[in-house]
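Q: I'm new to reading protein models. Could you walk me through the contacts between side chains, one kind at a time?

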Amino acid sequence: MRHLGVLAHSTGGAALCFLTFCEEGFHRTGRNEHPDVTLDYIAFGYSMPAWEAGDHATVRATLATSAERLARAGADFFVCPDNTAHMALEAPGPDLPLPGLHIAEVVADQAAAEGRTRVGVLGTRYTMDGPLYPRAFAARGIAAELPDAGDRDLVDKVIFTELVNGVISEASRREYLRVIERLAARGCDAVALVCTEIPLLITPEVSALPTLDSTRLLARAAYEVAVGERPMPVWRGGGTREGSPAGRAGEPS
């Protein structure tokens with residue numbers, strides 16, 4: 001079995017990813033066993049000035065430090081349970097010391113497998129306004145639908161004032177459900193929860209649309225890599241051939 005490194009960049013999402021990966025072993029085997037896993041976390045607050053300045057290179061350097069520590073701990077590959085962080089991981093720079101799964105590729109693959117055609121995107125303002133999901137979905141013939149500007153502001157505010165601080169508010173849940181209902185009215189057939197803390201607030205049973213839970217999808221894909229059911233990833237940050245940011249697991253770079 002391969003050793004997973006969890007490259008954390010926000011607290012709740014990283015914890016949920018770690019927990020899901022470990023629990024997947026029990027779900028599959030009935031035993032409290034799973035492949036080795038190591039988590040490394042440099043608090044994201046130190047990177048917020050760089051995010052605000054659009055300085056992805058500085059954020060990438062911080063994330064690369066975590067990746068180096070994971071490699072020294074013996075990890076064979078990594079996942080980063082933070083969607084926005086992938087914008088920095090895609091920035092130009094030296095190869096990361098470990099190959100990793102790209103979260104947007106994992107989510108988009110699941111959407112395609114489910115036959116989705118138009119997917120709403122909820123995440124930080126960086127992710128909603130950025131290229132990650134429109135590009136990943138478009139590569140599979142899926143349209144990405146964003147909330148309107150006011151709703152994007154609301155979604156982002158709840159993430160940074162509540163969710164990353166462990167605050168789960170019923171009022172905010174109602175607001176998120178309203179946003180999802182609006183996406184459903186615009187023809188979406190699923191909603192991608194692409195801030196890894198959102199699944200702590202929105203669960204499938206309350207959502208007006210089927211959910212694509214980026215946190216748990218990434219953790220389960222990592223488990224499949226670790227036990228040899230999925231090829232080892234090859235992405236080491238930056239771009240790959242033909243302009244693809246990540247390619248697919250096992251695709252040559």
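Q: Let's start with cysteines: why is Cys 22 too far from the closest cysteine sulfur for a bond?
A: A disulfide is a pair of cysteine sulfur atoms within 2.5 Å. In this predicted model, the closest cysteine sulfur to that of Cys 22 belongs to Cys 17 and is 9.3 Å away, so they're too far apart to bond. For Cys 188, the closest one is in Cys 195, at 18 Å, which is also too far for a bond. By this rule, the count is zero disulfides.

Q: What should I know about the model itself before we go on?
A: It's predicted, so local features need pLDDT of at least 70 and side-chain atom pairs count only at pLDDT 80 or more, while totals for chains, interfaces and linings use all residues. Residues are numbered from 1 along each chain as its sequence is written, and side-chain values use heavy atoms, with hydrogens and water left out.

Q: Is Cys 22 buried or exposed?
A: Buried means under 20% relative accessible area, exposed means over 50%, and partly exposed is in between (1.4 Å probe, protein chains only). Cys 22 has 16% relative accessibility, so it counts as buried. Cys 188 is buried too, at 7%.

Q: How many aromatic pairs are there?
A: Rings of Phe, Tyr and Trp (its six-membered ring) pair if their centres lie within 6.5 Å; planes under 30 degrees apart are stacked, over 60 edge-to-face, and the rest tilted. The whole structure has five such pairs. Take Trp 51 and Tyr 126: their ring centres are 5.5 Å apart and their planes sit at 40 degrees, so this pair is tilted. Trp 51 is buried at 4%, and Tyr 126 is buried at 12%. Phe 160 joins these two in a cluster linked by ring pairs.

Q: And how many salt bridges are there?
A: A salt bridge is a side-chain nitrogen of Lys or Arg within 4 Å of a carboxyl oxygen of Asp or Glu. The search finds 22 of them. In one, Arg 220 meets Glu 24, with the closest N and O atoms 3.5 Å apart. Helices here are DSSP runs (H or I, at least four residues), as strands are (E, at least two), numbered from the N terminus. Arg 220 is in helix H10 and Glu 24 in helix H1, so their pair ties together parts 196 residues apart in sequence. Glu 24 is buried at 9%, whereas Arg 220 is partly exposed at 35%.

Q: Which residues are linked with Arg 220 in a network of salt bridges?
A: The network links Arg 220 with Glu 24, Arg 28, Glu 224, Glu 229 and Arg 230.
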